[in-house]
Amino acid sequence: MPPGDRSYQGFRDSPLSRQHANDVAQRHGNGSRLSRVAETGPHPESDREFDVTTAMTAPEGAETASFPAPPPGAEPLPGQLDRWLASRGAELVAIRRHIHAHPEPSNAEFETAALVARELAVAGLSPQLLPRGNGVICDIGQGDRVVAFRADLDALPLHDTKDVPYRSTVEKVAHACGHDVHTTVLLGLGLALAQLNERGELPGRVRLIFQPAEEYVPSGAPEVIAAGALKDVVAIYALHCYPQLPAGLVGVRSGPFTAAADTIRVRLTGPGGHTARPHLTADLVHALGRVIVDVPALLDRRVDPRAGVSMVWGAVKAGEAFNAIPGEGEVLGTVRILNRDAWRSAPELITRLIRDVVAATGAEAEVQYNRGVPPVINDRMASAVIAGAAGAALGADRVVEAEISMGGEDFAFYLEQVPGAMIRLGTGTPGAETKFDLHQSNFDVDERCIGYGVRVMVHTALAALATGSF
């Protein structure tokens, strides 16, 4: 669909979206426009209230309609922001619920981006849409050095199976990885910093990056970087939902945080033949078995064990008959690596190992190695800054050491360019019988995590701006 035909800010006219409409929708319906957005991308002409509503009211009776008070041992936010944050708690929760109810898949985050841009503009900021209109960049404050924060906008191709009022209204699309929370926390950070900036109390420039297509390969981070998102940036931060930690805790770690995630496809071919005479042909199924078993074992002996290499096959396809050796077959898998140098050398090494293993079988091998994302390697100084900020925001006892994950995260592309760190935001409900995990169709969060996340990121922004080490 051509950009001009999309209703980027036109939210679906469903009973669920109307349930969330409120007075803030009226604010948007008065015809406020994003002047800076208009310079960089198209915007809709509709002023229908339900088209521009940002769903700012939590459903009645919601236990999370306001944020909890700062935890014991936490330092207050400057400029009366604790009071401001408490007053905006229900609004931010409702934003999250609206995004959750109206998810958009990778590369199609137009309405979500427009919602974010509209909220930032109403706060007096100057957001700019990315060239394709499905992401947002917004600077707050003044200064040559920029501290950046990134959130991802896209949802996953999954059914939402939860029985909640804000369940996804889009078939086979769901926010099962918490990107709706990431987006809401970053928006909350922007609105809070706008308050400080109006008072002349923001000591520098902060950039908000709302990125599309984190869940897609090729991912959206390189495109955002190419659009200038890292210009003048000296450090960058992000958080990721982590249901294994209860809300109110965060996990911080210096060094390897998530793994590089690549995919590999090995296609073998041969003349085929009768299973009674395997010696007269290339036994392709046997050859595939050698690849499946021998290559990961050899890889373990060719790479430093400290590099954290994991090669796992996910699918194998060959033949249909009991008594016929097939003429072709393939095996597909993933390669995950924690060490940046080992990741860079992996394609050549693994391709060579596969060819060496297959050579003795008489089959021909075609190897397709596809780069995914690099490993996330948290910078030591940036990790220290955000750890200290999280301790100030929540209390030192609420900051724990994060585990290393072998999952992939395209925040790594930013860390290839500038120092930075990602942390884990606890989203679990203490004592809850249901234990959620990421990428599950019933994934949900304890929405108090939004307030905790905003507090941590505000403290991080102020601490990073005050740090001259970057």
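**Pocket, cavity and buried elements of the predicted model**

At least two residues of the lining of the largest pocket are supplied by each of strand 5 (233-246), strand 7 (255-258), strand 8 (260-269), strand 12 (328-337), strand 13 (364-373) and strand 16 (420-428). Strands (E, at least two residues) and helices (H or I, at least four) are DSSP runs, numbered from the N terminus. The structure is a predicted model, in which local features need pLDDT of at least 70 and side-chain atom pairs count only at pLDDT 80 or more, while totals for chains, interfaces and linings use all residues. Residues are numbered from 1 along each chain as its sequence is written, and side-chain values use heavy atoms, with hydrogens and water left out.

Strand 5 contributes the largest share of the lining of the largest pocket, four residues. The lining comprises 30 residues, and Glu215, Gly407, Gly408, Glu409 and His439 lie nearest the centre of the pocket. On a 1 Å grid over the protein atoms alone, a pocket is an open set of points with protein on both sides within 12 Å along at least five of seven lines, a cavity is a set where a 1.4 Å probe fits but cannot get out, and lining residues have an atom within 4 Å of a point. The space in the largest pocket is about 640 Å³.

Five cavities of 30 Å³ or more are present, and the largest cavity holds about 50 Å³ of space. Its lining consists of Arg150, Ala151, His182, Val185, Leu186, Ala238, Leu239 and Met457. Helix 8 gives the most to this lining, with three residues; strand 3 (146-152), helix 8 (179-198) and strand 5 each supply at least two.

Strand 3 is largely enclosed by the rest of the structure, because seven of its seven residues are buried, that is, under 20% relative accessible area with a 1.4 Å probe, protein chains only. Val146, Ala148, Arg150 and Asp152 point one way from strand 3, and Val147, Phe149 and Ala151 point the other way. Strand 3 runs parallel to strand 4 (residues 205-211), to which seven bridges join it; two strands pair if DSSP finds at least two bridges between them. Within this pairing, Arg150 stands opposite Ile209.

Arg96, in helix 6 (residues 89-101), counts as buried at 0% relative accessibility. Beyond residues up to four places away in sequence, Arg96 touches Tyr166, Asp180, Val181, Thr184, Asp444, Val445, Glu447 and Ile450, contact meaning heavy atoms within 4.5 Å.

Conventions:
Buried < 20%, exposed > 50% of the residue type's maximum accessible area, 1.4 Å probe, protein only. Points joined across faces, edges and corners; volume = space filled by probe spheres on them.
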